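Hello,

Here is the structure I promised to send over.

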Amino acid sequence: MLDVALLPGAYAVCRLPAGAVLPPDVWGALGGRDVVTVSWTADGVSVICPADRAPDGADVETEWRCLRLVGPLDAAVTGTLAALVDPLARARVNVVAFSTYDTDHLLVPAVRLAEATGALERAGHRVHT
């Protein structure tokens, strides 16, 4: 059984062109529970952030909700992300997953949040809202 926390507010998945510079307002005054993650590749810059901080000019998909695996997790632990993604896949809920040094995060479409949390709970996990 895993403990999962639902973070407040909507999140956005954004894409900027390769080599783009992130505007400072993406970082903003992050609250204690906000998450921002950035990935740079040769193909572009991907940003996951609170929806109200989505960068201007980016391709943006909004209205995702963020679930955080309560951690920190020991790096030697395996299978935790799969234990969360598998029940969501069986429920046919789209997922964007990413990891930080301490834990794993999942984005699920806001319109499918009840289905997502229900699938996780049926799989034996606890979801804290």
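Before the notes, one cut-off: a residue is called buried when its relative accessible area is under 20%. By that rule, 40% of the 129 residues in the chain are buried. Please keep in mind that this is a predicted model.

Now for the overall layout. The chain contains two helices and eight strands, and along the sequence they come in the order β-β-β-β-β-α-β-β-α-β. Taking the contacts with a separation of 6 or more, 71% are between residues 24 or more positions apart.

The part I would point you to is strand 4, which spans residues 44-50. How many of its seven residues are buried? Six of them are, leaving the strand mostly covered.

Strand 4 also has pairing partners. One of them is strand 2 (residues 11-16), which runs antiparallel to strand 4 and is joined to it by six bridges. In that pairing, Ala-12 sits opposite Cys-49 of strand 4. Strand 3 (residues 37-41) is antiparallel to strand 4 as well, with five bridges between the two. Here Ser-39 is the residue that faces Ser-46 of strand 4. Strand 3 and strand 4 together make a hairpin, with two residues between them.

Best wishes

How values were computed
Residues are numbered from 1 along each chain as its sequence is written. This is a predicted model: local features need pLDDT of at least 70, side-chain atom pairs count only at pLDDT 80 or more; totals for chains, interfaces and linings use all residues. Side-chain values use heavy atoms; hydrogens and water are left out. Helices (H or I, at least four residues) and strands (E, at least two) are DSSP runs, numbered from the N terminus. Buried means under 20% relative accessible area, exposed over 50%, partly exposed in between (1.4 Å probe, protein chains only). Contact means heavy atoms within 4.5 Å. Two strands pair if DSSP finds at least two bridges between them.
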